[in-house]
Amino acid sequence: MEAILSKLKAKADIAPDNALLRDTISLLTDLHHNEAITQRVTWDSLIRDFQRLQDQGLWDISEDNEKLLHTLRSLLTTRPSKGSDRTPATGNIPAPSHPASKESFSIIYPDSESAPSPLIPTSDPILLPLELVEILNRTYFHHLLATDPKRVVPPGKSLISMLSGSPKEGDAAKPNLRDKVEDLVHKAFWDEAVESLSNPEPSCQLPRIKSLYQDLLIALTPLLPSQSPVITTLSSPLPPTSSPLDSAVMHLREVVTSLRKRCAPVQDEELDDLLRSLDEPPLRSSRPISLAMLVVDTVKSILRISDIMREQLSQFVLGSMTEQQLQSMISKQAKTKERKDILDIWKCWRIECIWPVWLGDYQPSFQVNGVAAEPQFKWIMRLVLALGSSTPISCQLPTREPQSHENSLPPIFFFSAPALLEIQNYLQALVIAASLRTLIRVPQGAQGNDAMSFMERLWILLNAEIIEEPGSGDTKLVNLADEVVRARQLDGAMLSGEEETRLRAAVARTLNHNDPVFMLLQKRILKALADALRHQRSESKQAGSHTGPPRMQTGQHGKRTEKRARIAIVLNPEEFDAAYDAETPQLTIGRVQGFEDEYLRKVVEEVFVKVDECVRWVEGVWQDVLQLGVVDREYVV
């Protein structure tokens with residue numbers, strides 16, 4: 001009991017305002033100090049609380065937690081009530097089947113130790129609970145899969161390889177601790193089901209049968225039509241009967257027959273065996289446990305076969321989709337998951353308090369006019385100012401005692417913060433490259449080979465520092481100065497020792513953030529970025545009324561020349577990210593004085609596109625906060 005309380009209290013440090021979490025801790029504390037309370041607490045109600053906590057990200061599925069729940073269940077179900085025999089609670093343990101998710105596929109997350117580009121490396125000393133770290137890293141992995149798949153998809157693999165997986169060889173022969181714990185919990189569940197159904201009293205059998213029907217309903221809903229008699233039977237109240245097990249056998253026969261019509265031929269033999277056993281149930285004169293075991297074994301087999309059928313159906317649908325459709329579905333899932341996790345961790349009230357404070361800290365270093373000055377684009381201007389700061393961008397997790405961090409972003413940017421930090425470095429590198437370019441002699445309007453060579457070599461050094469290429473080391477001032485000296489010498493200038501010293505000193509002076517040249521070039525690039533982002537959104541808003549809904553279809557786009565039958569798959573539009581398929585005006589980048597070099601212009605365009613992608617992602621997840629400054633609890637991504 002102390003172990004489970006300590007884990008919940010650790011979660012309470014992260015979510016002190018969660019009423020369900022506080023009530024659960026209070027109840028378990030009372031149970032720990034007063035055993036008599038166990039007579040008034042049912043496992044059904046308690047496990048529902050833990051499932052709700054799990055949905056809110058405050059309780060995780062792990063080997064240790066499964067053991068703790070199993071111990072807690074034993075505490076509640078093995079202590080007899082005084083004065084009467086206590087019957088086992090129904091539905092005490094969640095069914096071992098995996099209910100069908102609302103999502104048509106799931107992401108295969110890598111292990112914490114091997115995850116590429118984790119948000120919070122588990123190797124670093126951290127003060128956060130490991131469960132929270134895993135949640136954040138998984139959501140960030142999903143974010144990268146949607147926004148920058150090249151960073152997480154292995155070379156030579158496609159997106160679908162991240163959505164489906166086959167068991168590794170030898171896994172079945174070498175079960176790990178998690179498998180053993182799951183087997184233990186599953187066995188306890190089915191043993192309890194047999195025990196409940198073996199009780200000759202219908203009042204004991206009916207609740208357990210209803211619970212099993214609910215598990216079957218969840219598993220079979222994706223496989224059978226909504227008008228199917230089986231779905232109607234499983235979702236309807238059980239009729240009163242003196243022989244619930246006989247009725248259950250009849251209903252299960254209907255279920256197996258329906259699955260037999262829809263399953264792949266490879267499952268026919270197993271379903272035929274189930275039908276034969278249901279057609280010849282144990283005689284009533286035999287022990288009640290025989291009929292109970294038949295019902296339980298049949299339900300187990302149906303749940304297992306339904307899992308296989310769902311997997312086959314899911315793989316068929318995924319395999320028939322284009323990469324664009326897969327990317328759109330992944331994007332929709334990632335946005336939904338990102339919003340949920342941020343709201344669970346920060347809470348609505350904290351987000352609504354932080355946003356206006358951050359937005360109000362608005363001290364532009366340059367003038368904007370026209371479209372760029374419109375109020376609805378103020379947050380974009382504020383973000384551009386943060387990107388132009390010499391202080392690294394950050395986004396802090398909430399704590400009981402909030403600490404002030406310079407250039408800290410609001411919570412809605414949490415999962416985009418690493419990409420924005422990289423963009424901040426690129427913008428600074430652009431200003432450095434343009435500043436150093438002023439120290440070499442480049443004829444006006446010329447694109448000489450020497451100048452191009454200088455800019456390309458310079459950018460290789462700066463880019464290697466940003467992406468932290470292996471073996472690149474640290475780009476030091478002397479490396480940049482060497483390139484400037486080299487470019488001056490290639491220009492035909494013979495530098496004396498004194499002139500080279502002055503040139504190197506000019507390099508150091510120019511790269512100072514307070515240097516007039518550096519500040520001027522930085523203002524120009526930031527103003528160009530703000531104008532491009534806002535102008536594009538203004539054009540997109542004007543063209544919005546003329547843009548039709550995105551077309552979604554299975555297979556290649558365009559007309560098909562082949563005249564052959566093709567299976568058409570109807571895809572649910574709600575599973576796609578409408579913003580992903582929507583057409584947006586191209587980012588227009590005007591001439592930026594001081595960045596006219598051909599190679600530098602190309603890099604400027606690439607960096608601006610990166611910023612635009614981050615901004616559009618945040619717009620797709622937090623449109624309510626960006627427009628109104630409040631969290632709309634009914635908002636759907």
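The model is a predicted one, in which local features need pLDDT of at least 70 and side-chain atom pairs count only at pLDDT 80 or more, whereas totals for chains, interfaces and linings use all residues. Residues are numbered from 1 along each chain as its sequence is written, and side-chain values use heavy atoms, with hydrogens and water left out.

The protein chain contains 22 helices and 0 strands, these elements being DSSP runs numbered from the N terminus (H or I over at least four residues for helices, E over at least two for strands). Among contacts (heavy atoms within 4.5 Å) between residues at least 6 apart in sequence, 73% join residues at least 24 apart.

Two packed helices are described by the angle between their axes and the distance between the axes. Here the axes are lines fitted to C-alpha atoms, for helices over the stretch in contact, and angles run from 0 to 180 degrees between N-to-C directions. Angles under 35 degrees count as roughly parallel, those over 145 as roughly antiparallel, those from 65 to 115 as roughly perpendicular and the rest as oblique.

The axes of helix α15 (residues 417–437) and helix α21 (residues 598–621) come within 10 Å and cross at roughly 160°, and the two helices are therefore roughly antiparallel to each other. Their crossing is left-handed, a label applied if the near helix is turned anticlockwise from the far one by less than a right angle, the right-handed case being clockwise. On the α15 side the contact is made by Ala419, Leu420, Ile423, Tyr426, Leu427, Leu430, Ala433 and Ala434, and on the α21 side by Leu600, Val603, Val604, Val607, Phe608, Lys610, Val611 and Cys614. These residues divide into 15 nonpolar, no polar and 1 charged, with Ala, Val, Leu, Ile, Met, Phe, Trp, Tyr, Cys and Pro taken as nonpolar, Asp, Glu, Lys and Arg as charged, and the others, Gly among them, as polar. Helix α21 also holds glutamate 619, which counts as buried at 17% relative accessibility. Leaving aside neighbours within four places in sequence, glutamate 619 is in contact with Trp379, Ile380, Arg537, Leu626 and Tyr635.

For helix α9 (residues 244–262) and helix α10 (residues 268–279), the axes likewise come within 10 Å and cross at roughly 160°, and α9 and α10 are therefore roughly antiparallel to each other. The crossing of α9 with α10 is left-handed. In this pair, Val249, Leu252, Arg253, Val256, Thr257, Leu259 and Arg260 of α9 meet Asp268, Leu271, Asp272, Leu274, Leu275, Leu278 and Asp279 of α10, a set that divides into 8 nonpolar, 1 polar and 5 charged residues. Threonine 257, located in α9, counts as partly exposed at 33% relative accessibility, and its C-alpha atom is separated by 8.8 Å from that of aspartate 272, which is 15 residues apart from it along the chain.

Helices α12 and α13 pack at an angle of about 90° with their axes 6 Å apart, and are therefore roughly perpendicular to each other. Ile342, Leu343, Ile345 and Trp346 in α12 meet Cys348, Arg350 and Ile351 in α13, and the residues of this contact divide into 6 nonpolar, no polar and 1 charged. Lysine 347 occupies the loop between α12 (323–346) and α13 (348–360) and counts as buried at 17% relative accessibility.

Most residues other than glycine have a negative phi. Lysine 347, although not a glycine, has a positive phi of about 75°, and asparagine 407, also a residue other than glycine, has a positive phi near 60°. Asparagine 407 lies in the loop between α14 (378–387) and α15, and with 12% relative accessibility it counts as buried.

Leucine 184, in helix α6 (residues 177–198), is partly exposed with a relative accessible area of 47%. Leucine 184 and histidine 70 are 114 residues apart in sequence, and their C-alpha atoms are 9.0 Å apart in space.

How values were computed:
Buried means under 20% relative accessible area, exposed over 50%, partly exposed in between (1.4 Å probe, protein chains only).
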